[in-house]
Amino acid sequence: MKKLSFAMALIMILAICASTLGMTALADAAYGANTVAVLTKGETTTEYDTLEAAFAAYQGGETMTIVKDIELTAPLQVNGLTLADDNTTTVAKDTLIIEGNGKTLSFTVDAGVYAITFTSVDVVINDLTIKSNYCGVKASG
């Protein structure tokens, strides 16, 4: 009886692991081969081949989802300010949420340079590993 219980428990554990791995593979396959990040706002999702392009497209209130590990070749500057509808008043964009999905962002540079600098933006970063030989993230303003 103990052998049967152990065998059933092992089968259940393997089934759970297989289903989790399958869902991760399907989630990554849902995007283009070169897509590294997507921005989602409401029902609209847009794919980007570079993190730089995704940050440049950020308008406020989106969720950015990282879909592949990324190695930055240059530091990124993310400004959370934009012009209001009157084109004369500067206003802050809404919060940017970054869902890392367990992915890794790597950056190797000379001392004193941050991988990503957020200026005047509220940002929430979930489940993203940032590896840098000096500094990872700076937020100011």
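For the protein, the mean pLDDT is 81, and 79% of its residues reach 70 or more.

This is a predicted model, in which local features need pLDDT of at least 70 and side-chain atom pairs count only at pLDDT 80 or more, while totals for chains, interfaces and linings use all residues. Residues are numbered from 1 along each chain as its sequence is written, and side-chain values use heavy atoms, with hydrogens and water left out. Helices (H or I, at least four residues) and strands (E, at least two) are DSSP runs, numbered from the N terminus.

**Sheet**

- Strands β3 and β8 run parallel and are joined by 3 bridges.
- The bridge partner of M64 in β8 is I98.

**Nonpolar core**

- The largest nonpolar core has 24 residues, and those with the most contacts inside it are L51, F55, M64, I66, L72, I98 and I116.
- Such a core is a set of buried Ala, Val, Leu, Ile, Met, Phe, Trp, Tyr and Cys residues joined through side-chain atoms within 4.5 Å.
- Two or more residues of this core come from each of β1 (37-41), α2 (51-57), β3 (63-66), β4 (70-72), β5 (76-79), β8 (96-99), β9 and β10 (114-119).
- Not counting residues up to four places away in sequence, F55 touches M64, L76, V78, L96, I98, I116 and F118.

- S106 lies in strand β9 (residues 104-107) and counts as partly exposed because its relative accessibility is 23%; buried means under 20% relative accessible area, exposed over 50%, and partly exposed in between (1.4 Å probe, protein chains only).
- Leaving aside neighbours within four places in sequence, S106 is in contact with I70, E71, L72 and K131.
- S106 and S132 are 26 residues apart in sequence, with a C-alpha to C-alpha distance of 5.9 Å.
- T117 belongs to strand β10 and is buried, with a relative accessible area of 10%.
- The contacts of T117, not counting residues up to four places away in sequence, are L76, Q77, V78 and K138.

**Loop residues with positive phi**

- N101 is a residue other than glycine with a positive phi, near 55°.
- N101 sits in the loop between β8 and β9 and is partly exposed, at 45% relative accessibility.
- D127 is not a glycine either, yet its phi is positive, at about 55°.
- The loop between β11 and β12 (129-132) holds D127, which is exposed, with a relative accessible area of 56%.

Terms used: Contact means heavy atoms within 4.5 Å. Two strands pair if DSSP finds at least two bridges between them. pLDDT is the predictor's confidence in each residue, from 0 to 100.
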